[in-house]
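Here are my notes on this one, written as numbered points. Keep the structure open while you read and look for each piece as it comes up.

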Amino acid sequence: MPLRLVWFCLLSTLVSTLAPQTHAAEFVPHKIATGLKGGYQVIAADLNRDGKPDLIAVAPGTNELVWFENPGWQRHVILADVPRMINCAAWDTDGDGIPEIALAYEFSNDASKSIGIVVILRHNGDPTLPWTPTEIDRLPTSHRLRWADVRGDGKRVLINAPLTNAEARKPDDRLSVPLVYYDPVDWKRRVISQENQGVQHGIFIAAWDSKARDAVLTASFSGLDLYRLKHGAWTRTALAPGAPEAWPKSGSSDVVVGYLGRHRFLAAIEPWHGNQVAIYRLHSGKWSREVIDSTLTDGHTIAAADFEGHGNYSVVAGERAGVRSLYLYRADKGTWSRLVIDKQMASASCSVVDLNMDGRLDLVCISPVTQNLKWYENTK
């Protein structure tokens with residue numbers, strides 16, 4: 001057998017369920033911003049009440065939380081002199097049509113050096129001018145912030161998922177990790193759980209049991225877990241243990257929910273900052289795990305959406321190292337194919353949003369490596 005054919009056969013067996021690569025031509029890239037040193041997170045929110053989604057960028061190396069105004073992408077500073085930002089979340093808590101922004105900063109992976117300041121930012125009449133922060137908590141390694149309607153009453157609370165326990169010390173981070181929330185009524189910290197262990201890296205808000213009530217999915221060294229508020233009490237359901245390797249290469253890093261028709265699936269990056277994209281399907285009451293890609297290096301963002309509008313979700317995953325690419329995974333009759341969205345976008349975060357209001361879901365991603373923000377227009 002020719003040597004070239006031997007190498008091809010070896011490569012093709014690395015990921016048995018992954019079909020050959022092609023290019024995702026339906027996404028057209030547009031540059032929105034550069035110079036975003038340490039670019040870590042991007043979210044969409046209408047910040048000026050014009051009906052168009054704007055973009056908020058967290059770039060810790062700049063010490064400025066900024067937003068870009070749709071459609072011209074003018075840059076505005078929300079808050080300056082904010083060291084070591086890590087995450088933000090936007091929701092209109094007071095009903096004035098402009099969301100409040102929750103921001104976590106003074107973050108470090110080393111819990112002994114992480115203050116974990118959480119503030120709520122409010123505009124002062126003109127959202128293009130600096131906003132006013134109000135501190136609501138200091139919780140070491142505050143890392144992931146999300147708004148969720150956990151009671152099903154239309155009023156969202158702020159979820160805060162720290163990365164580790166405040167007393168965690170490397171290399172053996174086996175301590176329990178808090179998961180907490182704040183009610184805008186008084187902004188007091190309330191505990192959801194302290195059952196996850198090790199590193200709690202990802203959370204995802206999902207309408208799990210009904211469209212009216214949100215649940216909280218977590219991805220940690222403990223695996224994938226579901227938290228639901230019922231009759232005033234939180235319950236934890238262990239869905240899957242994640243990657244089966246030995247600690248600390250076990251568990252999950254990030255998780256999202258998708259659908260293939262009416263059937264729900266979970267997509268995860270595993271283990272922490274890992275190399276695998278795993279799909280979980282529910283069979284006979286248990287979530288079965290299928291690794292559809294094991295070639296990522298420092299996988300750090302995952303998203304799922306029905307980009308083609310036919311009822312089947314595709315999965316997006318990005319890696320911050322290695323070949324530093326952004327990928328789209330499509331399911332067809334049980335087989336997942338990988339398509340390249342961008343060969344030069346080491347994404348730390350991606351968000352799904354119809355940015356140009358044409359009825360098709362687009363993708364926006366931010367990178368700490370190329371320090372840029374890109375919009376991938378869905379033209380399919």
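1. Start with β11 and β12 (residues 157-161): these two strands run antiparallel to each other and are joined by five bridges.

2. Next, the inside. The largest nonpolar core is made of 20 residues, and Leu-47, Ile-56 and Leu-65 are among those with the most contacts within it. Which elements give two or more residues to this core? They are β3 (41-45), β4 (54-58), β5 (64-69), β6 (74-80), β8 (100-105) and β9 (117-122). As background, nonpolar side chains in soluble globular proteins tend to be buried together.

3. Leaving out residues up to four places away in sequence, Ile-56 touches a list of residues including Leu-47, Leu-65, Trp-67, Ile-78, Cys-88 and Ile-101. There is also another core, apart from the largest one, with 19 residues; Ala-102, Leu-163, Val-180 and Tyr-182 are among them.

4. Finally, keep in mind that this is a predicted model. The protein chain has a mean pLDDT of 93, with 93% of its residues at 70 or more. Residues 1-17 are another story: pLDDT there is below 50, and the stretch has twelve contacts in the model beyond near neighbours in sequence.

Note on methods. Residues numbered from 1 in each chain as written. Predicted model: local features only at pLDDT ≥ 70, side-chain atom pairs only at ≥ 80, totals over all residues. Heavy atoms only, no water. pLDDT = per-residue confidence, 0-100. Contact = heavy atoms within 4.5 Å. Pairing = 2+ DSSP bridges. Helix = DSSP H or I, 4+ residues; strand = E, 2+ residues; numbered from the N terminus. Core = buried A, V, L, I, M, F, W, Y, C linked by side-chain atoms within 4.5 Å. Buried < 20%, exposed > 50% of the residue type's maximum accessible area, 1.4 Å probe, protein only.
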